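Visitor: I have a chain open here and want to go through parts of it. Can you take my questions as they come?

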Amino acid sequence: MAWALKLPLADEVIESGLVQDFDASLSGIGQELGAGAYSMSDVLALPIFKQEESSLPPENENKILPFQYVLCAATSPAVKLHDETLTYLNQGQSYEIRMLDNRKMGELPELNGKLVKSIFRVVFHDRRLQYTEHQQLEGWRWNRPGDRILDIDIPMSVGIIDPRANPTQLNTVEFLWDPSKRTSVFIQVHCISTEFTMRKHGGEKGVPFRVQIDTFKENENGDYTEHLHSASCQIKVFKPKGADRKQKTDREKMEKRTPHEKEKYQPSYETTILTECSPWPEITYVNNVPSPGFSSSHSSFSISEGNGSPNHQPEPPAPITDNLLPTSTPQEAQQWLHRNRFSTFSRLFTNFSGADLLKLTREDVIQICGPADGIRLFNALKGRMVRPRLTIYVCQESQQLRDQQKHEDGDAANSTFFVYHAIYLEELTAVELTEKIAQLFSISAQQISQIYKQGPTGIHVLISDEMIQNFQDESCFILDTMKAETNDSYHIILK
């Protein structure tokens with residue numbers, strides 16, 4: 001305090017100088033920041049604002065879009081104003097999306113009486129996961145072999161034509177529809193949001209997805225490549241009934257907030273309106289190969305060979321004629337997979353040699369390829385043939401009598417044995433048995449008049465289809481031949 005009193009003049013001088021300097025600095029502000037010095041358009045052009053600029057509403061907010069898509073699922077009440085809506089879905093549950101025609105009278109007349117194509121996708125909302133989408137989906141495919149991320153519930157859908165799904169694109173489906181007719185598509189999302197989180201301690205928040213719809217019209221060549229409209233919404237997918245519990249939890253949290261806090265949040269709507277967005281960049285990866293999981297017919301739904309999974313590659317059937325050897329190289333193993341209709345899984349077994357594939361257990365193959373294709377691949381790897389429905393063993397009576405005579409005379413001592421031939425039956429009919437016996441005797445089937453079975457007291461019972469169906473598997477018979485009364489044919493007697 002003493003030093004301040006000794007220097008009153010110095011303080012006044014300093015304060016006066018600061019005021020003068022500050023006034024001088026203010027006097028130039030109007031000249032330096034003229035009207036042309038900065039503009040908001042220049043600021044928004046900076047890279048840090050470009051991402052946000054793309055999400056701004058269009059200049060003409062009253063523009064009527066040609067189509068509107070409505071997801072029949074309630075939005076979350078725990079979303080702040082001006083944020084994008086968030087909708088919770090249950091895994092595997094069918095949800096309706098209504099395809100509405102919003103065109104005014106006379107707008108887009110070239111669509112009248114024409115079909116349009118819509119491509120549905122479930123993609124990542126987070127930019128970080130978008131960059132690694134391919135790796136994320138491949139990992140999901142490995143953990144869930146034979147499953148799809150997105151499916152169409154065909155029986156419940158209305159107005160969709162020629163639904164298709166590319167087996168290599170698990171998160172995409174497409175179909176044709178007529179804008180002038182009522183169209184509703186029911187979709188099922190089979191992945192859950194927590195499958196793509198970093199699992200550390202459990203209880204993590206799941207990642208959000210986006211449902212995006214891109215619609216195209218035909219070009220001059222008849223290909224659906226001319227873009228008409230795109231829209232999307234944000235979703236999270238939970239295990240069955242998990243979405244209902246999450247919606248209830250959000251609603252209860254909002255009820256506990258004060259009226260002033262509630263004003264900061266948007267209300268929950270019964271349906272979700274998909275908002276306009278840019279078309280998905282990879283619009284060409286859905287080709288025109290129909291999925292075996294979806295019928296190309298307009299009115300029917302067919303199940304494909306195997307388990308009906310869209311993951312199964314449609315190829316012409318080819319019988320398995322070769323066995324995989326342990327010495328086969330990875331390249332030869334790949335060729336074997338393609339030859340035997342397992343090309344769908346060739347990428348999974350890229351580096352597997354013949355020995356690697358043959359070491360796989362039945363459980364391993366089923367876990368990798370799914371139940372239907374897994375069992376088929378395991379049987380092919382082990383070279384298993386289809387077991388016949390009935391096997392019988394027959395021996396000619398004349399040969400058996402000769403062998404018995406030799407044994408009684410002591411000529412063959414302990415080395416005598418009877419030779420039987422196996423006959424494999426699939427149809428279990430008398431005609432089939434006749435043909436198999438004719439092959440055994442190297443004669444034509446027409447030379448066998450009748451086949452009998454020796455019954456009790458030596459009676460001869462005519463062989464019928466029903467009798468063959470009641471034969472015990474691996475039964476043994478002695479064949480005796482008897483000249484027929486007419487022609488050069490024979491009767492066969494099974495003893």
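Visitor: Which residue takes a positive phi in the hairpin of strand 9 and strand 10?

Guide: This is a predicted model. In that hairpin G222 has the positive phi, near 85 degrees. Five residues lie between the two strands.

Visitor: How many bridges pair strand 9 with strand 10?

Guide: Ten, in the antiparallel sense. H229 of strand 10 (residues 224-238) stands opposite T215.

Visitor: What does strand 4 do with strand 9?

Guide: Strand 4 (residues 116-124) runs antiparallel to strand 9, with eight bridges joining them. T215 turns up here too, as the bridge partner of S118.

Visitor: Is strand 9 mostly buried or exposed?

Guide: Buried: nine of the ten residues in 209-218 are, so strand 9 is largely enclosed by the rest of the structure.

Visitor: OK, rings. How many aromatic pairs in the whole structure?

Guide: Nine. One of them is F124 with F196, whose ring centres are 5.0 Å apart with planes at 80 degrees, so the pair is edge-to-face. F124 is in strand 4, while F196 is in the loop between strand 8 (183-189) and strand 9, 72 residues apart. Both F124 and F196 are buried.

Visitor: Which residues make up the cluster of ring pairs?

Guide: F124, F196 and F209 are linked into a cluster by ring pairs.

Visitor: And W336 with F342, what kind of pair?

Guide: Stacked, with 6.2 Å from centre to centre and 15 degrees between the planes. W336 and F342 are both buried.

Visitor: Where does the charged end of K483 sit?

Guide: Over the ring of Y490, 5.0 Å from the ring centre.

Visitor: New topic. What is the strand order in the open sheet of six?

Guide: The order is 14-13-17-18-15-16, and the pairing is mixed. Strand 14 (421-425) and strand 16 (460-462) are at the edges with a single partner strand each, so one side of each has no neighbour in the sheet. On average, neighbouring strands are turned by 40 degrees against each other, ignoring direction.

Visitor: What joins strand 15 to strand 16?

Guide: Three bridges, with the strands antiparallel. Q454 has H460 in strand 16 as its bridge partner.

Visitor: Which strands does helix 15 lie across?

Guide: Helix 15 (residues 430-441) lies across strands 13, 14, 15, 17 and 18, at about 150 degrees to strand 14.

Visitor: Last one: what covers the buried residues of helix 13?

Guide: The cover includes helix 10 (330-339), helix 11 (354-358) and helix 12 (362-369). Among the buried residues of helix 13 are L377, F378 and L381. G383 follows helix 13 and has a positive phi, near 65 degrees.

Terms used:
Residues are numbered from 1 along each chain as its sequence is written. This is a predicted model: local features need pLDDT of at least 70, side-chain atom pairs count only at pLDDT 80 or more; totals for chains, interfaces and linings use all residues. Side-chain values use heavy atoms; hydrogens and water are left out. Two strands pair if DSSP finds at least two bridges between them. Helices (H or I, at least four residues) and strands (E, at least two) are DSSP runs, numbered from the N terminus. Axes are lines fitted to C-alpha atoms, for helices over the stretch in contact, and angles run from 0 to 180 degrees between N-to-C directions. Contact means heavy atoms within 4.5 Å. Buried means under 20% relative accessible area, exposed over 50%, partly exposed in between (1.4 Å probe, protein chains only). Rings of Phe, Tyr and Trp (its six-membered ring) pair if their centres lie within 6.5 Å; planes under 30 degrees apart count as stacked, over 60 as edge-to-face and the rest as tilted. A charge sits over a ring if NZ of Lys or CZ of Arg is within 6 Å of the ring centre and within 35 degrees of the ring normal.
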